[in-house]
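User: Hey, could you walk me through this model? I'd like to go piece by piece.

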Amino acid sequence: MLYAEQVSKSFGGLNVLTEVSFTIGDGERVGLVGPNGAGKTTVLRLIAGEDEPDKGKAGYRGGTVGYLRQEAGLDPGRHLLDELWTAFPDARVINNRLEEIAGCIEHGEGDLDALIIEQGELFDSFDQLNAYRIDARIGRVLDGLGFVPNDRNRLCGEFSGGWQMRIALAKVLVRRPDHLLLDEPTNHLDAAARGWLAEDLAAYRGTVLIVIHDGELLDRVATRILQLRDGKIESYAGNYTEYQMQKAARLQQQDREAARQEREVERQTRFIERFRAKATKASAVKSREKALDRIKPIQRIPKEAEVHFQLTSHGRTEHDVLVMTHVSHTYGDHMVLVDVNLQVQRAQKVVLVGPNGGGKTTLLRIAAGLIRPTDGSVRWAEHARLGYYDQHQDEALDSERTVLEEIRSIAQDEPDLKLRSVLGQFLFRGDDVFKAIGLLSGGERSRVALAKLVVQATNVLLLDEPTNHLDRSTRRKLIQVLERYEGTILCAAHDRGILERVATRVYDVRNGGCNELLDFRRD
């Protein structure tokens, strides 16, 4: 069971959770939804025991818990298979000792009889842990998440950021703990991996609490939805679609009741004002005034705040904006790009698709000048003014800075009034601009990164999975903004909305190549 009992939590004077209470029974699969910055990740951290509430209690009762964070937290020097075995610490210790004993017996080292006795005892312990099935469990999860057999002996540090998050997800899933806490598990998954995850979670017998913006997956998995908004939790039975219907009906009902109450208050107020001066009506007036004083106003639920911003293209570039010629790149012995040629012309909106690890981010980072290609050349138009959006905002932003300091870092000459105005468009208002980057949710960090693009004078945007971590309303607004942007765009994306509404050309990046898809809207 997962629970929160009258939990309150604040950061830097900002109340995030206010007397939140809920219980999730064994075997329930619950989606936790709400706008970016509402406190969803905070709820997971409190339940996992990684943070303490200011008031109240939160946690889990009985069994084990697995927690997927928004950061991978892997050992880059460890092989993939070894990293997944760290999810089974007891079995891993026994397995390592068995390998040591086998080596000693093979080389005739130590007391042979004692080693054989110890080996037998360890075999029994290994069997009790059901550890002989671990490799099969690991193989099933790796296959489902799209890894190929050759990946198992690669170092974790050789994988792209998206694939590292898949490894972190695999570590949680292979354990099959009694309780699963998943924070945005699909951000770096393609359609095939999302489909497999939905099937795996639907068959999972433990308790699941999942923070996600993917309504389609919640429709396939969730048995209940918890909505977190303005520090409060509301519970809705059923999947995501049923939640939306119930929420709409609840809002309509509350609006009707509020309107009915407002009409009654207005009617009674008119009576009081009309007959206040008449002595014959004094008793009736007094009675109605007391009745009005006893009324508890029904509040209309305000519309959720949404971002409002534009991206303006500054200046005109030459016709050929970017020319990449015979570009190749390797990480150690791993070849990512092989003899890639790419030409981007003014006002084109080029989208890179393909599997995670296929080379999209590498190609973008080479184009942005953040890494040098192993071979080949990159030439930008003389008047190109680049703005780069990194999908890994925990690495791209300085966690020690405040929101205002972070945006000022690329707009030194702009007055605070203008910077705060831009941040207000991204819902950072009042004292929110003094929040530390390290305390922000993934979605809030993405909004800071988008704000940095707004204050820069760009005519070319390089975007790496820009809709990851964004809630639905912010994602929708970003796609509208990119659709209207008059400059040039080079974007890596899995998001179908970007393909259908933004892209003018699409390239598939995989197996070292970069090939144009001519009929991409049907792919």
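This is a predicted model: local features need pLDDT of at least 70, side-chain atom pairs count only at pLDDT 80 or more; totals for chains, interfaces and linings use all residues.

User: Which residues of helix H14 are buried?

Analyst: H14 spans residues 416–425, and its buried residues are Leu419, Val422, Leu423 and Gly424.

User: I see residues three or four places apart in there. Why would they point the same way?

Analyst: An α-helix has 3.6 residues a turn, so residues at that spacing point the same way.

User: Switching topic. At what angle do helices H3 and H4 pack?

Analyst: H3 (residues 89–107) and H4 (residues 112–128) pack at about 150°, and their axes are 10 Å apart. An angle over 145° counts as roughly antiparallel, so that is how H3 runs relative to H4.

User: Left-handed or right-handed crossing?

Analyst: Left-handed, for H3 passing H4.

User: Which residues make the contact?

Analyst: On the H3 side they include Ile94, Leu98, Ile101 and Ile105. On the H4 side they include Leu115, Leu122, Phe123 and Phe126. Arg97 of H3 and Glu118 of H4 are also part of the contact.

User: How do the residues of that contact divide into nonpolar, polar and charged?

Analyst: The contact of H3 with H4 has 12 nonpolar residues, three polar and two charged.

User: Now the sheet with S1 in it. What's the strand order?

Analyst: S2-S1-S4, in an open sheet of three strands with antiparallel pairing. Strand S2 (14–24) and strand S4 (55–60) are the edge strands, each pairing on one side only. On average, neighbouring strands are turned by 25° against each other, ignoring direction.

User: How many bridges join S1 to S2?

Analyst: Seven, with S1 (residues 2–11) running antiparallel to S2. Valine 7 stands opposite valine 20 in S2.

User: Which strands does helix H1 lie across?

Analyst: H1 (residues 40–48) lies across S1, S2 and S4, and runs at about 60° to S2.

User: Last one: what do S17 and S18 form?

Analyst: A hairpin, with two residues between the strands. Asparagine 511 in the turn has a positive phi of about 50°. Five bridges join S17 (residues 505–510) to S18 (residues 513–517), and the two strands run antiparallel.

User: And what stands opposite tyrosine 507?

Analyst: Glutamate 516 in S18.

How values were computed
Residues are numbered from 1 along each chain as its sequence is written. Side-chain values use heavy atoms; hydrogens and water are left out. Axes are lines fitted to C-alpha atoms, for helices over the stretch in contact, and angles run from 0 to 180 degrees between N-to-C directions. Helices (H or I, at least four residues) and strands (E, at least two) are DSSP runs, numbered from the N terminus. Angles under 35 degrees count as roughly parallel, over 145 as roughly antiparallel, 65 to 115 as roughly perpendicular and the rest as oblique. A crossing is left-handed if the near helix is turned anticlockwise from the far one by less than a right angle, and right-handed if clockwise. Contact means heavy atoms within 4.5 Å. Ala, Val, Leu, Ile, Met, Phe, Trp, Tyr, Cys and Pro count as nonpolar, Asp, Glu, Lys and Arg as charged, and the others, Gly among them, as polar. Two strands pair if DSSP finds at least two bridges between them. Buried means under 20% relative accessible area, exposed over 50%, partly exposed in between (1.4 Å probe, protein chains only).
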